[in-house]
Amino acid sequence: MSAFMMSITPGIPSSSSSSSQSQTVTSAPPPTSLPIRTIPGAYGWPLLGPISDRLDYFWFQGPETFFKKRTDKYKSTVFRTNVPPTFPLFLGVNPNVVAVLDCKSFSHIFDMDLVEKKNCLVGDFMPSVKFTGDLRTCAYLDTSEPQHAQIKNFAMDILKQSSKVWVPELTANLCTLWDTIDADVTKDGSASYLIPLQKCMFKFLTKCLVGADVSNSPKIAESGYAMLDRWLALQLLPTVKIGVLQPLEEIFLHSFAYPSFLVSGDYNKLYKFIEEHGKEVVNRGQTEFGISKEEAIHNLLFVLGFNAFGGFSVFFPSLVNAIASDTTGLQQRIVKEVRENAGSTLSFESVKDLPLVQSVVYETLRLNPPVPLQFARARKDFQLSSHDSAFDIKKGELLCGFQTQVMRDENIFDDPETFKPDRFLENKELLNYLYWSNGPQTGSPSTSNKQCAGKDIVTLTACLFVAHVFQRYDSITGTSSSITAVEKAKQKAV
């Protein structure tokens, strides 16, 4: 099975060839002997086809059913379709994509010899650069653009420098978070933790990434997290199913791009806060990486707000839900592992000795990737392979991968719809197919690829989060939005 899996994914080496992990996201696929098939599917009549697909995507089916029904219809995990946003007020946006929905075809999205990532973070639609100070931040740059290397090196350096304070800042803020949850559960019988979690993560991430203490500005301390929420929402609303009453959602959220001036006041306050209190990090961007002060601050804000705060705000509730709603005895196993292996003081090194916790984190990322859709545009004509066929891709065509379906590829993952906490504990080679970070978990972020610079620190932070919970509690009960019961730890880690 493992040899088969290693042979089906472009650019993924076998475990015996581990000399250059960074190549896992850049090397070209081997020649294929699979039958060549015309890409099935169609874009439909101009205007009518995209509108029909948009209504299916947001209203009649929802994203998961939208992609699954077309996979079944065409009997292919590669097909042509339209993805929102579309007409009426997105006249410059081309919704035509080639969907790639199995692990093998999806992996082409990370091969920078074959594809480019210029301005296609969320598809052919790109939010106005006025949201980011009239600058294209690193997420919208292709690897071929000179500034990409400068800014990504800056981002990786920020993470390196922040590692010195990451764990103590995280644990201090988590203590505050869980104190709040404890008080609410005691008082009301349950605690809605989403806002306290966002406040916790905003304060923690601002200190670690920007080097700034939010307490220096009462307004930022109180409302900074909400400012980021509004800034993120206005950029992404045209692309996201919210679940409010239809047709109101279609009319008011998916029919036009919201103007940046609605959040410019918030954004300018955050910009000035970083300019005043994050001077050390900003100066390092200028002196060591050759970027302007404006580029440093706008990219810092994007990393803080979009990548880090936005990502954890989506990921951590899924992680809490996976653990707090479990009835199979998982929590007792985690408690045992944390108390025996993590020690009394958590660190990056100590959580590396928690294989079950790591596997739970990976399985949560598999089933609930924080960024469901990944896009890339063909840099040249090339041949793309799925498990059973090969397809000709033309230069300029936009590839779209829906990770929620890709990560349920039954050719790779046994019983793919089921949450299995031991999945990655039993088979570490599956990490080659865990693509949540814009590349495989076994890959290495570099200036030559678009893999998330914080890939490793994100999973370590999630492990620290889980370990902290079960140093404090013997059990928790809850969902992705609330905690309904906690049982304090009777025995502390040694």
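**View 1. Phe87, a partly exposed residue in a loop.** Phe87 has a relative accessible area of 32%, which makes this residue partly exposed (between buried, under 20%, and exposed, over 50%; 1.4 Å probe, protein chains only). The loop that holds Phe87 runs between strand E1 (78–82) and strand E2 (96–100); strands are DSSP runs of E, at least two residues, numbered from the N terminus. The model is predicted: local features need pLDDT of at least 70, side-chain atom pairs count only at pLDDT 80 or more, and totals for chains, interfaces and linings use all residues. Residues are numbered from 1 along each chain as its sequence is written, and side-chain values use heavy atoms, without hydrogens and water.

**View 2. Arg366, buried in helix H15.** Helix H15 spans residues 355–367 and contains Arg366; helices are DSSP runs of H or I, at least four residues. Arg366 has a relative accessible area of 0%. A polar atom of its side chain lies 2.7 Å from the backbone oxygen of Met407. Beyond neighbours within four places in sequence, Arg366 is in contact (heavy atoms within 4.5 Å) with residues including Phe413, Pro416, Arg423 and Leu434.

**View 3. Trp178 in the largest nonpolar core.** This core has 122 residues. A nonpolar core is a set of buried Ala, Val, Leu, Ile, Met, Phe, Trp, Tyr and Cys residues joined through side-chain atoms within 4.5 Å. Helix H12 (residues 293–324) gives the most, 16 residues. Trp178 and Phe465 are among the residues with the most contacts inside the core. Leaving aside neighbours within four places in sequence, Trp178 touches Phe465, His468, Val469, Arg472, Tyr473, Ile476 and Ile483.

Methods
Polar contact = N/O pair within 3.5 Å; in protein donor to acceptor, adjacent residues only side chain to side chain.
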